Amino acid sequence: MAHPMLATLERELTLYRRLWQASVFSSFLLPLLFVLSIGVGVGSYVNANGGLGGVDYLSYIAPGVVITTAFQIGIGESTYPVLGGFKWTRSYQAMRSAPVEPQHMVGGHLLYLMFRGVIATIAFLIIVGAFGAMHSWWAPMTIVIAAIVTVAVAGPVTAFAASIENDNYFALLFRFGVIPATLFSGVFFPVDQLPALVRPLAYASPLWHGVVLSREATLGWPTPWPIWIHVGYLIVWTAIGVALAVWRFRKRLED
Amino acid sequence: MVTTLVAAAVTRPGVAPVRVGAVVNRNMGALRSGASYWLVLISGFFEPVFYLLSIGIGVGALVGDITLIDGQVLPYATFVAPAMLATSAMNGAMAETTFNFFFKFKYAKTYDAVLATPVRPVEIALGELVWAMMRGSVYTAVFLGVMVVMKLTTIGWALAAFPATILVGFAFGAVGMIFTTMMRGWQDFDLMATAQFALFLFSATFAPIQNYPVVFQWIIQLTPLYHAVEMVRDITTGHPDWGTAVHALYLVVMMAVGLYFTGRRLERMLLK
């Protein structure tokens with residue numbers, strides 16, 4: 001029999017094979033529309049002012065938007081689906097009655113999200129590559145960065161979703177976490193432009209670390225801090241997130 | 001008032017403001033259900049402000065000034081702010097008349113209970129719409145205040161823009177209700193959210209549409225958020241003209257059509 005973690009991954013993939021159509025919009029179409037509206041529409045004005053750091057605006061935001069997509073998949077797919085697995089479909093309780101431990105459930109869930117993040121990233125890179133936004137042979141490294149960002153944020157959010165009863169909290173998570181992170185993590189304009197007071201919030205956001213790494217990959221821009229700090233920060237998030245999630249799963253499945 | 005007049009014009013006679021008010025009142029009572037609902041309600045205000053600060057100010061520093069087709073030159077934040085305002089009015093009204101309406105309609109069975117009283121389906125539709133507008137106009141009023149503080153409009157023009165945002169909310173709220181009566185399940189909301197986001201991105205929100213290919217411009221001019229954004233922008237920048245009136249007319253027609261069909265569909269679905 002397959003390893004229990006792979007079995008939960010397989011379950012997620014089986015479900016995805018039936019439900020993938022809905023994700024085409026959120027994972028592929030929306031980022032593409034975003035790039036067209038902001039990158040091309042607003043970009044024409046930015047480029048008229050000489051672009052940003054020597055590249056056109058589309059090339060500047062493309063690595064940011066692709067990591068944002070991975071970031072949002074990691075978070076979005078760890079909210080309602082995880083709470084639902086405990087509360088509405090009760091699939092985690094069902095798994096628990098099989099020889100599947102909480103760490104296998106969390107592991108399978110994160111592997112699945114990594115798969116989702118990677119697929120979305122590949123599709124996105126091909127599209128913006130066609131618009132001429134890739135300037136370095138290191139661009140495929142973006143796929144690895146997206147995978148790390150996805151699990152780095154999915155871990156803590158999974159733990160959160162496993163801890164609450166009321167899904168109203170997700171609306172708050174999106175409005176005070178995901179949307180400000182998306183708007184102020186250096187995706188659309190450099191973080192240096194932020195007032196010094198709020199800049200540390202951007203540095204704390206895992207999204208910012210993913211974005212600067214991804215810009216190094218697609219534009220060859222050196223990261224502000226040594227690469228290992230950015231990668232290390234994301235790995236710390238992943239490790240803490242996974243530990244929290246396993247702990248919360250175990251707790252919730254006890255009773 | 002406006003609601004009653006519209007109701008009288010587009011529905012069969014016999015809509016009583018008292019019963020519409022009762023539906024509104026039920027929603028007020030539901031506010032007492034808990035703190036998290038309040039927090040979600042209040043948090044709705046922050047989204048457009050975050051967008052304004054990020055795109056309007058942050059990206060605005062890279063963009064500089066925007067020249068409109070009539071020759072007006074605007075700082076980018078002044079250009080973007082009314083678009084955020086109109087979008088916020090749309091999203092506020094649609095959240096209430098689609099997502100929440102659907103939940104009450106299909107799952108909470110709220111209206112089955114309401115119909116055991118003398119309240120009629122059309123009155124439910126109007127009541128929910130008025131409630132959506134009460135919620136939405138709090139957001140837009142606060143956002144207009146932010147615009148005045150940030151010097152993106154003047155107090156006088158902000159006051160003039162307020163009723164315009166209410167019209168935007170009514171128009172989208174009424175059409176949102178038709179969609180809700182046609183929804184098959186939650187997955188249809190993904191489609192609607194995608195459509196709303198696409199409107200948000202291309203309705204002269206972040207850049208004037210004259211940069212787009214001509215065919216694309218025509219298509220945008222058919223869509224509702226474009227008219228909402230242009231109408232609100234004409235007012236907050238202090239340049240209303242005949243075009244503004246055309247945008248307003250588009251939204252009035254949209255609201256009337258929305259109310260008419262929602263009333264009819266609800267009659268059929270709830271009274272069978």
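## A threonine within a helix

A helix is here a DSSP run of H or I that spans at least four residues, and helices are numbered from the N terminus. In this predicted model, B:Thr180 belongs to helix α8 of chain B. With a relative accessible area of 1%, B:Thr180 is buried, because buried means under 20% relative accessible area.

Which residues does B:Thr180 touch, not counting those up to four places away in sequence? They are B:Thr97, B:Thr98, B:Phe101 and B:Phe102. B:Phe102 stands 78 residues from B:Thr180 along the chain, yet 5.9 Å separates their C-alpha atoms.

## Nonpolar cores

The largest nonpolar core has 135 residues, of which A:Tyr57, A:Phe188, B:Tyr76, B:Phe206 and B:Met231 touch the most other members. Helix α5 of chain B, residues 76-107, gives the largest share of this core, with 15 residues. Another core lies apart from it and has 24 residues, including A:Met95, A:Val100, A:Ile164 and A:Val246.

The surroundings of A:Phe188 draw on both chains, leaving aside neighbours within four places in sequence. From chain A, the residues in contact with A:Phe188 are A:Phe34, A:Ile38, A:Tyr57, A:Tyr60, A:Ile61, A:Val65, A:Thr182 and A:Leu183. From chain B, they are B:Ser54, B:Ile55, B:Val59 and B:Leu62.

## A buried helix face in chain A

Helix α3 of chain A covers residues 80-87, and its residues A:Val82, A:Leu83, A:Gly84, A:Gly85 and A:Phe86 are buried. Against which helices do the buried residues of α3(A) pack? Their partners in chain A are α4 (91-96), α5 (102-130), α6, α7 and α10 (227-254).

## Contact between the chains

Chain A contributes 29 residues to the contact and chain B contributes 32 residues. About 2900 Å² is buried between the two chains, and 75% of this area is on carbon and sulfur atoms. On the chain A side, A:Tyr45, A:Arg175 and A:Leu183 lose the most area to chain B, and together they account for 22% of what that side buries. A:Leu183 is also one of the residues in contact with A:Phe188.

## Cavities and a pocket

The model holds 2 cavities of 30 Å³ or more. The largest cavity has a volume of about 40 Å³, and its lining is formed by B:Ala89, B:Ala93, B:Met133, B:Gly136, B:Ser137, B:Thr140, B:Thr165, B:Ile166 and B:Gly169. The largest share, 4 residues, comes from α7(B). By class, the lining has 4 nonpolar and 5 polar residues, with no charged residues.

The second largest pocket has a volume of about 570 Å³. It is lined by 28 residues, and A:Pro180, A:Ala181, A:Phe184, A:Ser185 and A:Leu201 are the closest to its centre. Both chains take part in this lining: α2 (57-76), α6 (141-161), α7 (168-184) and α8 (199-204) of chain A, along with α4 (46-63) of chain B, each supply at least two residues. Helix α7(A) provides the largest share, with 7 residues. The pocket lining has 23 nonpolar residues, 5 polar residues and no charged residues.

## Positive phi values and a buried glutamate

Two residues of chain B have a positive phi without being glycine. For B:Lys109, phi is near 55°, and this residue lies in the loop between α5 and α6 (110-114) of chain B. For B:Ala204, phi is about 60°, and the residue is in the loop between α9 (187-202) and α10 (214-222) of chain B. Is each of these residues buried or partly exposed? B:Lys109 is partly exposed, at a relative accessible area of 43%, whereas B:Ala204 is buried, at 1%.

B:Ala204 is also touched by B:Glu230, a residue of helix α11 (residues 224-236) of chain B. Not counting residues up to four places away in sequence, B:Glu230 touches B:Ala204 and B:His247. B:Glu230 has a relative accessibility of 17% and therefore counts as buried, the limit being under 20%.

Conventions
Residues are numbered from 1 along each chain as its sequence is written. Chains are lettered from A and ligands numbered from 1 in the order in which they are written. This is a predicted model: local features need pLDDT of at least 70, side-chain atom pairs count only at pLDDT 80 or more; totals for chains, interfaces and linings use all residues. Side-chain values use heavy atoms; hydrogens and water are left out. A nonpolar core is a set of buried Ala, Val, Leu, Ile, Met, Phe, Trp, Tyr and Cys residues joined through side-chain atoms within 4.5 Å. Buried means under 20% relative accessible area, exposed over 50%, partly exposed in between (1.4 Å probe, protein chains only). Contact means heavy atoms within 4.5 Å. On a 1 Å grid over the protein atoms alone, a cavity is a set of points where a 1.4 Å probe fits but cannot get out, and a pocket is an open set with protein on both sides within 12 Å along at least five of seven lines; lining residues have an atom within 4 Å of a point. Grid points are joined across faces, edges and corners, and a volume is the space filled by probe spheres set on the points. Ala, Val, Leu, Ile, Met, Phe, Trp, Tyr, Cys and Pro count as nonpolar, Asp, Glu, Lys and Arg as charged, and the others, Gly among them, as polar. Buried area is the accessible area (1.4 Å probe) that two parts lose on being put together, summed over both.
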